[in-house]
Amino acid sequence: MKTSKYLMIGGSLLLLSLFVMPMWNITLKAPQYPDSIGMNIWINKIEDMNPNDIKNINLMNHYVGMAEIPEHMKEFDIFPIVIGSMAALGVLFGFIGNKNLYLTWFILMCILGAAGMYDFYLWEYEYGHNLDPKAAIKIPGQGYQPPLIGVKEILNFTAISKPLMGAYLMFVGMFMTLYAYFYERKLEKIEA
Amino acid sequence: MKLTNYITLFAVLFAMASSACMQSNNNGALGGSAAEKVYVAPGEQDEFYAFLSGGYSGNLTVYGLPSGRMLKEIPVFSQFPTSGYGYSEETKPMFNTSYGFIPWDDLHHPDISQTNGELDGRWIFANANNTPRIARISLETFETEEIIEIPNSAGNHSSSFITENTEYVVAGTRFSVPVPQRDISIDEYKGNFKGAVSFVSVDEESGRMDLSFQIMMPGFNYDLGHPGRGDSHGWFFFTTYNTEEANTLLEVNASQNDKDFIAAINWKKAEEYIAQGKFTTMESEYAHNVYDEHTHTGTSTMKKEVRVLDPTELPGLVYFLPTPKSPHGVDVDPSGEYIVGAGKLSASLTVHSFSNMMEAIENENFDGDAYGIPILNFENVTAGQVESAGLGPLHTEFDGRGNAYTTFFISSEVVKWELGSWEVIDRKPTYYSVGHLMIPGGNSREPFGKYVVAMNKITKDRYLPTGPEMEHSAQLYDISGEKMELLLDFPTHGEPHYAAGAPASLIAPRSKKFYQLEDNEHPYAVMNEGETKVVREGNSNVVHVYMSTIRSHFAPDNIEGIKVGDKVYFHITNLEQDFDVPHGVAMIGANTSELLIMPGQTKTFLWEPEKVGVWPFYCTDFCSALHQEMQGYVRVSPRNSNIELSWSLDGE
């Protein structure tokens with residue numbers, strides 16, 4: 001009983017790491033940017049990977065008519081509430097100590113995570129395809145959407161999209177809650 | 001043995017000898033090993049920075065070693081249209097002197113700042129020979145940050161050498177002059193002309209220079225100088241020639257004395273005399289020009305006074321060390337014990353010992369005096385002579401392993417010799433007539449004795465001919481082994497008289513990539529395009545354009561309401577914040593150079609339109625894919641026109 005409780009509470013609390021560290025990174029590599037340029041995505045903001053990177057990404061992208069990376073998005077208001085609530089809910093379920101609640105929480109997290117990734121994909125699509133018709137450089141059929149995850153060649157750049165420590169800790173936390181469920185189920189079978 | 005056997009043996013020996021011969025050719029300077037040693041593969045960087053003086057170019061050139069690739073030309077004492085230095089309104093004050101605006105000088109002897117006798121790579125100092133000045137250049141920005149004029153001096157040649165904690169940078173006088181300047185006959189040279197030696201203090205934190213005091217020396221020619229280090233820290237040594245005090249046909253009349261002097265100046269003693277108030281304050285006039293990295297602007301102030309010490313009345317301040325035949329270089333070995341005088345009309349080198357000198361001073365082993373300054377007994381101070389080392393020794397550097405390397409101008413060679421035994425170890429020809437040489441850190445307690453660069457005065461046939469005027473040649477030698485090995489021959493820019501070098505690891509990591517826009521305190525800077533504007537000062541003819549650049553446009557790029565006879569100041573801020581994204585600007589008919597503006601920087605040029613019309617300006621640096629589109633127009637109307645000032649970018 002005790003072990004699964006700790007796992008459930010600990011796993012939910014790991015979500016809070018998203019408030020203190022970024023969850024995602026998009027890096028752009030090209031020979032004339034020897035240090036690479038990129039951005040770190042948090043649940044409530046987008047930050048320079050190195051000083052001035054977003055300014056320089058915007059400068060480069062304006063030639064093909066891409067919009068500037070927004071300083072604020074509605075997601076930045078929603079995500080902290082969702083993550084905070086889920087952490088609180090997970091802790092509550094942990095105290096209640098019901099294994100089915102553990103599983104419910106995990107499935108809910110998976111659905112929310114998938115929704116978040118889908119939202120991220122929509123933003124990336126919009127960012128890569130909504131081009132100013134007055135753009136100086138127009139390449140028919142060329143989109144500039146960064147990869148959801150992984151590596152993609154976009155004209156002279158290699159774009160890399162990958163999770164960062166915040167996301168990894170969230171995954172670990174989710175795994176812990178799932179493990180809590182199976183651990184508890186096994187324990188019940190042995191006792192029965 | 002049969003005859004055939006003899007023939008076979010002879011043939012074998014001949015074959016061995018000739019193959020040995022070929023092998024030695026292959027191992028020569030043109031062999032593969034030399035090429036490999038200087039080859040810096042594409043994308044790789046050099047191991048050392050070398051800062052070569054530009055002589056009459058007035059600038060400092062930066063090279064990479066061992067490749068010999070030129071990396072940059074830093075404008076110091078000469079206007080430089082490439083960047084707008086000395087043309088922009090911000091940098092014109094850097095050229096101010098007591099004689100007014102002087103757009104050129106002759107830069108001789110760069111020296112890198114030191115801490116505890118080791119290179120610290122913070123600043124490099126350089127001297128102007130013609131109108132005496134010393135400049136300080138930042139090794140973070142590679143920009144000239146400060147220039148101080150030296151009063152009461154002429155021909156500032158024995159400069160700009162620093163003491164081992166960069167307490168002082170010194171200036172001497174090569175052409176003694178009446179002090180104070182006055183209308184007297186040139187024939188009255190003897191006794192009336194003086195050779196001021198100046199100690200300019202350097203602030204430990206900011207590097208700011210201040211003329212601390214001058215020692216008013218007899219009217220000799222003070223040629224070169226070097227600081228003591230280790231035990232001899234606190235002393236400074238200067239070579240003199242023309243101790244004859246001739247004022248005409250010096251090539252003969254200043255070459256009569258068998259020995260001239262090395263002047264040993266006890267600057268710690270000078271500090272004591274200053275503290276005791278034993279100086280006179282002399283009225284003078286000299287400019288002090290400071291460039292501020294945040295306002296991106298130079299300001300010039302005139303100083304009015306200088307503290308002067310009289311060595312003829314202050315015992316223990318100066319001693320003379322007799323040194324044969326008009327010595328040029330005076331070089332102190334890394335330990336501080338040996339003081340090498342290169343008598344340029346001599347075939348040998350004279351090495352004095354600091355401990356001998358101190359003993360001779362204590363025992364008063366004097367051989368008379370000059371204007372009351374004690375002359376030490378030659379036999380008592382000399383440690384040894386490097387005999388018949390070559391012809392016309394000029395300058396010596398050290399490798400930190402007990403060896404010294406001296407250039408010989410007349411016999412065109414670099415000679416390696418050993419300290420203590422005074423034996424010649426090796427000699428290599430130079431091409432041709434070598435002046436100075438440089439080992440990175442070779443003038444400090446800790447030389448990096450891997451390479452020596454020899455800087456020549458004559459080039460002749462070394463490179464493809466380029467008409468009557470050739471750039472000066474330099475040679476790079478590997479000195480890591482017992483024998484020197486010639487590795488590379490490369491042209492330099494201007495006339496390098498001396499150089500300073502440092503490991504790349506000391507300087508490269510601190511090199512600034514761009515200026516922070518938010519730190520820009522220029523009074524006419526803009527932080528974004530929204531702040532750009534055009535303002536006329538009241539009803540005057542002075543107009544200020546607050547303009548910005550970012551890839552790939554000026555803001556504003558259409559300006560109307562300018563009138564013939566206006567003085568239009570274009571203040572241009574580069575809003576970029578990335579490494580190596582400058583923008584340039586040039587205006588048709590502007591009587592000035594272009595400006596090259598670094599990210600985060602503001603620069604200003606003045607345009608005084610004289611003709612009605614619509615006049616374009618454009619970006620001079622290929623900044624981006626749409627650089628060719630980076631342009632704008634200014635409409636100029638007649639003086640009596642009523643057109644109001646207006647400005648726009650894309651109609652807004």
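This is a predicted model: local features need pLDDT of at least 70, side-chain atom pairs count only at pLDDT 80 or more; totals for chains, interfaces and linings use all residues.
Residues are numbered from 1 along each chain as its sequence is written, chains are lettered from A and ligands numbered from 1 in the order in which they are written, and side-chain values use heavy atoms, with hydrogens and water left out.

Ten residues of chain A contact 13 residues of chain B (contact: heavy atoms within 4.5 Å). The two chains bury about 920 Å² between them. Buried area is the accessible area, taken with a 1.4 Å probe, that two parts lose on being put together, summed over both. Carbon and sulfur atoms account for 47% of the area buried between chain A and chain B. On the chain A side, A:Lys55, A:Leu59 and A:Tyr63 supply 47% of what that chain buries against chain B, more than any other three residues.

Five residue pairs between chain A and chain B are in polar contact, both residues at pLDDT 80 or more. A polar contact is a pair of N or O atoms within 3.5 Å; within protein, one must be able to donate a hydrogen and the other to accept it, and residues adjacent in sequence count only if both atoms are side-chain atoms. Strand 2 (33–41) and helix 2 (53–61) of chain A each give two or more residues to the side that touches chain B. Helices (H or I, at least four residues) and strands (E, at least two) are DSSP runs, numbered from the N terminus. Helix 2 of chain A gives the largest share, three residues. By class, this side of chain A has four nonpolar, three polar and three charged residues. Ala, Val, Leu, Ile, Met, Phe, Trp, Tyr, Cys and Pro count as nonpolar, Asp, Glu, Lys and Arg as charged, and the others, Gly among them, as polar.

One salt bridge crosses the interface (a side-chain nitrogen of Lys or Arg within 4 Å of a carboxyl oxygen of Asp or Glu). It joins A:Asp35 and B:Lys513 at 3.0 Å, N to O. The whole structure holds 30 salt bridges over all chains. The A:Asp35 partner lies in strand 2 of chain A, and B:Lys513 in the loop between helix 8 (504–507) and strand 35 (533–536) of chain B.
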